[in-house]
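Biologist: I am new to this structure. Please walk me through it, one question at a time.

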Amino acid sequence: MGTAKLTPMSVLIVNNDPAVRDMLMKLFSEEGYHVVLAGTGAEAIKIVTNSLVDCAIVDQLLPDFSGVELKRRLLKVSQRTHVMVLSSFTTIRSSDDVLRFGFSDFILDQKELLEILQKGIIPPPTAAVSASAGEEKCERLKKCLIDTIDVLVGLQEINDPFFGGNSHITMEYARSVAEEMKLPQETVDEIVVGALLRDIGRVGIKNEILQGRRKISDSEYKTLQSHCENGAKIIEQIDFPWKIRPIIIHHHERYDGKGYPSGLKGREIPIGSRILSVVDAFAAMTAHRPYRSRNLTKEEAIHELHKNVGTQFDPEVVEVFSSVVNRKFFYRGMGPKPKIMMAGSEIDYLTLIKLRLVNDGFDVLAYDNGKDVLESVEKTAPDLIIADTIMPEMNGIEVFRKIRELPAPFGETPVVFISSKDDPESKIEALHLGAEDFLVKPVDFSVLAARIRNIIRRDTKWRKGGGAAIAATGVVGDLKNLGIPDIVQTLHLGLKTACVSIKGPIGEGRIFFENGRIRHAERGSLSGEAAFYEMLRWQEGPFTIAHGQSTKLRTIEMDEMQLMMEGLRRIDEEKKEEPPE
């Protein structure tokens, strides 16, 4: 019996004091916990409603609820969340029993403390525990369930010329972003399932509305919007081992709160929904759709994502996805889908291959004989042909010989053979004629898809379509589109830790955020508030937001909103003092 590491537990810290939030976040993060922050009780309720939270540490005095009342409400939302109510020094400093406290000292109820010690409510995340046979079987069943959902959704989309493979592709993007952000495995799994089922509520919506061949009416747009809530209703009776309903219902929310159906904003939106919002938009922009003349390239789509950070998208998710898509999915967004033709007499086997290739982003046509393939190639040259050696009327080798007799580019189409027999003579003949590969059944579909990508990538036209690599240096933009006040509000809303580098009209500057608070600013010889006020005047210039970058310098203690208001007041005063022209 082996050992396994516990999934890092999710801890929600609810406190109105930024200093306390910072201290507790640092404390738990350094120990490996997944930490979520909230400044009010209402915000905490939305987070627990839409996310898996193992433990909530709640301050006794909040702007909208008492700690005890919030505990009652949180437990009503999620019985699995353990809620602890704490009182900080700011709450009890008037007590005669207290001699000296700092913001890192807390008074805990004795029962709560005893419960932590006895039951290990928050055990060390890295502690190794014995993995029982039942737990291992449960994990296998979860993986089996995810794979089954993937196949069923893929079969539903397999013959759709516009949405074929879309759910699988979006799921791959979402999984990669979630893993890159080092989210707990349970959260990664719920994001994967949520991505596959996010549009299940479209069942019953007319195709002319979905495919957008014409401008839809206001009532039809409302019908389209209803797919989020409809999808949540469809799956609410299923006892999934993951909390996927919030992901499905909120995957069209906007970071600025102007989305639907609930108008959630910032970190009120489940992290899975924030990820889906980005990857779904990218998948849609780079896919062929009947309502536009062409799909966007990868670079164009990434530019659109960056242009809408802070309004439609979470800037941190956009930054992570920009890096992931360039590193792991470089072959996506390189123009129209590569066209694959398949020929074989075993229809069931061809269907399995087609499902895998459609999910990998290929446009696939399947034929049950070589004659039809030859006639099709004479009309339109595909990017690759997969042919079985054994077919009625004309076998694969004969088809290949006749294809090679066609003029360019038809006769230059690369061919991969699949055979049920490991026949050395046929293999040598096929390779001698110029076949790219000769595979023997059963074929590993993942290996086949990888080989096809490599063959197509070698083709000059696909290499040219790839464009320049995207520099994964952060979220890029211009102050003309997203000004410094908007950047401050965006990072404060998400409690982000990041460095904003700005090239202004008279120099360069940087602003450092930690958990949404401005900690330090520098511009030339200026630092602190003076540097921030100087940069606040800039109305244009490129900027980069790099998440996760911090500094030990502490030159700004003022609250973000006060700092902004004071800076804007100074600018207004200067304008009043300027002599009229």
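Modeller: A term to begin with: two residues meet, or are in contact, when their heavy atoms lie within 4.5 Å. Note too that this is a predicted model.

Biologist: With that in mind, which residues in α24 do Pro485, Val488 and His492 in α22 meet?
Modeller: Helix α22 covers residues 484-493, and helix α24 covers residues 560-577. The two helices touch through a handful of side chains. On the α24 side, the partners of Pro485, Val488 and His492 are Glu560, Met561 and Met564.

Biologist: What classes of residue make up the contact of α22 with α24?
Modeller: Pro, Val and Met count as nonpolar, Glu as charged and the remaining class is polar. By that scheme the contact of α22 with α24 has one charged residue, one polar and four nonpolar.

Biologist: Are α22 and α24 roughly parallel or antiparallel to each other?
Modeller: Their axes come within 11 Å and cross at roughly 175 degrees. Angles over 145 degrees count as roughly antiparallel. The pair α22 and α24 is therefore roughly antiparallel.

Biologist: Now α14 and α15. How are they oriented to each other, parallel or antiparallel?
Modeller: Helix α14 spans residues 298-307 and helix α15 spans residues 315-328. Their axes come within 10 Å and cross at roughly 170 degrees. So α14 and α15 are roughly antiparallel.

Biologist: Which residues in α15 are met by Lys298, Ile302, Leu305 and His306 in α14?
Modeller: By class, the contact of α14 with α15 has five nonpolar, three polar and one charged residues. The α15 side of it is made by Val318, Phe321, Ser322, Val325 and Asn326.

Biologist: Which residues touch the most other members of the largest nonpolar core?
Modeller: That core holds 70 residues. Helix α13, residues 271-286, gives the most to this core, with nine residues. The members with the most contacts to other members are Ile275, Leu305, Phe321, Ile511 and Phe532.

Biologist: What does Phe532 touch?
Modeller: Leave out residues up to four places away in sequence. The residues then touched by Phe532 are Ile484, Val488, Ile511, Ile518, Ala521, Ile556, Leu563 and Met564.

Biologist: How many residues are in the second, separate core?
Modeller: Its members include Ile158, Met342, Val364 and Ile418. The size of this second core is 22 residues.

Biologist: How many disulfides are there in the whole structure?
Modeller: A disulfide is a covalent bond between the sulfur atoms of two cysteines. The search needs a pair of cysteine sulfur atoms within 2.5 Å. Across the whole structure the count is zero.

Biologist: Of the cysteines, is Cys228 buried or exposed?
Modeller: Cys144 counts as partly exposed, at 43% relative accessibility. Buried means under 20%. At 0% relative accessibility, Cys228 is therefore buried.

Biologist: Where does Gly165 lie, and which residues does it contact?
Modeller: Gly165 sits in the loop between α6 (133-157) and α7 (166-180). It counts as buried, because its relative accessibility is 0%. Leaving aside neighbours within four places in sequence, the contacts of Gly165 are Glu157, Val358 and Asn359.

Biologist: Is Ser277 buried or exposed?
Modeller: Ser277 is in helix α13. Not counting residues up to four places away, Ser277 touches His251, Glu253, Gln312 and Phe313. With 11% relative accessibility, against a cut-off of 20%, Ser277 is buried.

Biologist: Is the peptide bond from Tyr260 to Pro261 cis or trans?
Modeller: Most peptide bonds are trans. Pro261 lies in the loop between α12 (245-249) and α13. The bond from Tyr260 to Pro261 has omega near 10 degrees, and is cis.

Biologist: What is the omega of the peptide bond from Lys441 to Pro442?
Modeller: Pro442 is in the loop between β12 (437-440) and α20 (445-458). The bond from Lys441 to Pro442 is cis, with omega near -5 degrees.

Biologist: Lys182 has a positive phi. Is Lys182 buried or exposed?
Modeller: The phi of Lys182 is about 60 degrees, although it is not a glycine. Lys182 is found in the loop between α7 and α8 (185-197). At 70% relative accessibility, Lys182 counts as exposed.

Conventions
Residues are numbered from 1 along each chain as its sequence is written. This is a predicted model: local features need pLDDT of at least 70, side-chain atom pairs count only at pLDDT 80 or more; totals for chains, interfaces and linings use all residues. Side-chain values use heavy atoms; hydrogens and water are left out. Axes are lines fitted to C-alpha atoms, for helices over the stretch in contact, and angles run from 0 to 180 degrees between N-to-C directions. Helices (H or I, at least four residues) and strands (E, at least two) are DSSP runs, numbered from the N terminus. Angles under 35 degrees count as roughly parallel, over 145 as roughly antiparallel, 65 to 115 as roughly perpendicular and the rest as oblique. A nonpolar core is a set of buried Ala, Val, Leu, Ile, Met, Phe, Trp, Tyr and Cys residues joined through side-chain atoms within 4.5 Å. Buried means under 20% relative accessible area, exposed over 50%, partly exposed in between (1.4 Å probe, protein chains only).
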